[in-house]
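Hello,

Here is the structure I promised to pass on to you. My notes follow below it; please have a look whenever you get a moment.

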Amino acid sequence: MHDPKTLVIKAQSNDLGAFEELVNLYQNKVYGLCLHLTGNPDDAQDLAQEAFIRAYKALGRFRNEADFGTWIHRITVNVWLNLQRKNNGRKPVSLDEPYPSDKSGGLQREVAALDGDPLQALEEKEFRGLVRTTLQSLSEEHRAVLVLREIQGYSYEEVSRMLNCSLGTVKSRLSRAREAMRREMTKRSREAGEALPAAGESR
Amino acid sequence: MDCRKAQYYIRQRLDQLLSEEDNAALEQHLACCEACAGELALQERLSMTLRELGREEIQAPAALSSLIMNNLRPQRRSALAWLPAAWRKTVAAAATLMLLAGGSAGVMNGLNLAGNGKNIVMESPTPNVAAVPEPGSAGGTPAPVDVDNNDNVNNNDNNANGDEANPGGSAPGDAPGSGTPETGEAEKPGGNQIDSPPDTSQNNPQSKNSNSAEGDITAVKPEGDRTGLSAPGAGSDRVLLSDDMKVTSTVLKIAVEDLATAKTRAASLAAGVGAETQVFPEQTSGKTVLVMRFTVDSDKAPYLTEVLSGLGTPFHRQDEKRDLLPLYNETKVQYNELLERRDAATDSGERRQLEIQASSYEQLLEAWEEEAGKQVINLWLENK
């Protein structure tokens with residue numbers, strides 16, 4: 001088994017065999033990210049393929065001191081973001097502006113109204129499933145930061161580098177993403193389950 | 001503190017940004033505010049769940065690796081491997097068109113042997129083929145390549161995916177008569193018009209859609225004698241996704257009294273609307289036929305077709321629309337790959353080879369860029 005750095009150097013000199021080894025080494029990692037971003041295996045596979053191909057073409061610009069996995073993750077998320085923007089045919093709304101409803105009063109009311117918060121009653125498995133599906137309903141920017149930071153565990157600095165935005169932007173976007181998740185999860189959970197037991201009841 | 005502040009602090013805490021002091025203050029609030037306490041718990045649960053999702057071992061599908069490598073590797077190793085798939089498809093498409101238009105072997109041959117002008121579609125990939133080689137010895141058909149083209153047409157008709165190598169004979173559209181394109185090219189003295197561009201460092205823009213800089217490309221001359229491959233920068237400046245690349249082709253067959261007169265008139269009519277004219281060698285097999293090919297701006301095309309019809313008695317007309325976009329994009333992808341491989345090549349022989357290949361792609365791309373938005377009129381003149 002070759003070490004990645006050697007493989008990269010070889011691949012940079014057009015050694016396709018070396019690149020294939022890199023693919024084998026990193027495909028689970030890349031595919032995993034793709035699955036979290038796209039939410040389904042087919043799109044994930046397409047995205048993973050595209051990411052590796054782009055990576056190969058961009059190998060010339062990869063500085064071998066950097067981490068290859070992070071680098072290809074960066075490519076992956078950006079390919080995905082571009083694809084989303086293209087498909088949605090719209091410029092992304094600036095999600096770094098405060099939500100209209102994100103006023104102190106509104107949130108406070110909402111917090112105060114959380115009597116028998118349906119989410120609290122959910123069991124682990126249900127909660128996790130809800131997280132998964134709600135994640136897919138988020139905007140691409142929100143999903144990207146949440147996936148990179150919370151799921152993949154990248155630091156703020158790494159996320160800001162990968163997404164090419166400032167640290168402050170990453171933080172505020174993350175905040176909003178969490179709020180959006182919470183809001184949406186509550187909504188879905190309410191809609192789905194009048195059948196959901198109130199907090200405290202055993203099932 | 002009030003709930004609003006608490007909410008803010010909660011967010012900070014989730015990102016581990018709270019100072020001890022602030023954290024203590026938050027805890028105080030949480031102790032007596034069930035709502036906020038619940039909110040924090042929820043958010044922490046969300047974070048934890050997300051992290052768990054990240055810890056799952058996800059397996060990439062088994063097919064992924066081969067899908068990727070097939071995409072990166074050239075398809076088949078054969079004498080034709082160097083011939084871009086797009087070329088074969090294009091030549092086949094063009095040949096098919098001529099067949100449909102009632103093209104006889106003569107016409108097809110004529111179109112293929114044309115070595116001048118910008119008839120890239122049917123020209124050999126080495127644009128320097130100025131001289132039309134002797135027709136081969138094969139019986140009724142003037143050149144062996146003719147047969148190949150027929151084969152090619154058939155093959156490609158059957159191939160759903162143009163990436164298959166052409167199993168039949170020599171490369172279609174190749175310098176007629178030469179069986180092995182690669183060696184043929186290498187041996188041609190001065191036949192390679194490519195001067196190695198100064199070695200630029202690897203500065204290929206990311207193959208994501210970059211802006212078109214078509215102004216850069218026009219440095220290449222339209223005549224067969226092209227010099228110099230565009231620098232990597234310019235080459236990669238092509239728009240990957242052009243807006244529209246539709247080409248309309250018209251085939252018009254006219255019976256005329258006198259070929260020479262008709263030819264002269266047709267040429268001047270074309271010149272009058274700023275069309276480019278290309279004349280193919282006369283073919284005689286029973287009848288004498290002269291084929292001329294005009295490339296004209298789309299808005300002038302109807303008029304030109306009209307007046308050309310007036311040169312004699314039209315007996316056949318066929319219009320066809322082609323969308324070049326898929327072909328163009330596919331070719332462009334391959335072209336960019338070639339450029340990057342060229343830049344990465346350490347061996348100078350390999351580098352040169354890649355340059356040659358990339359150059360032929362480039363010409364094709366340019367030809368298509370020219371063609372898009374224009375109309376092609378294939379005029380077939382024969383004696384009454």
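To begin with a helix: which residues are buried in helix α12 (residues 301–309) of chain B? In this predicted model, they are B:A301, B:L304, B:T305, B:L308 and B:S309. Viewed down the axis of α12(B), these buried residues fall within an arc of 135 degrees, so they line one face of the helix. B:P302 and B:E306 are exposed, on the face of α12(B) turned away from the buried side. As for partners, the buried residues of α12(B) pack against β1 (246–256), α11 (259–272), β4 (287–297), β5 (313–323) and β6 (374–383) of chain B.

Now to the cores. The largest nonpolar core has 68 residues, and A:F19, A:F68, A:L163 and B:I68 have the most contacts inside it. Helix α2 (residues 16–38) of chain A gives the most to this core, namely 11 residues. Domain 1 (4–88) and domain 2 (104–192) of chain A each supply at least three residues to this core. Setting aside neighbours within four places in sequence, A:F68 touches A:V8, A:L22, A:Y26, A:L59 and A:F62. A second, separate core has 20 residues, including B:A262, B:V296, B:I377 and B:L381.

A:N14 is not a glycine, yet has a positive phi of about 75 degrees; A:N14 sits in the loop between α1 (4–12) and α2 of chain A and is buried, with a relative accessible area of 19%. A:N164 has a positive phi of about 60 degrees and lies in the loop between α8 (156–163) and α9 (167–192) of chain A. A:N164 is exposed, at 65% relative accessibility.

Best wishes

Notes: Residues numbered from 1 in each chain as written. Chains lettered and ligands numbered in written order. Predicted model: local features only at pLDDT ≥ 70, side-chain atom pairs only at ≥ 80, totals over all residues. Heavy atoms only, no water. Core = buried A, V, L, I, M, F, W, Y, C linked by side-chain atoms within 4.5 Å. Buried < 20%, exposed > 50% of the residue type's maximum accessible area, 1.4 Å probe, protein only. Helix = DSSP H or I, 4+ residues; strand = E, 2+ residues; numbered from the N terminus. Domains from an automatic or database assignment. Contact = heavy atoms within 4.5 Å. Arc of directions from axis to C-beta.
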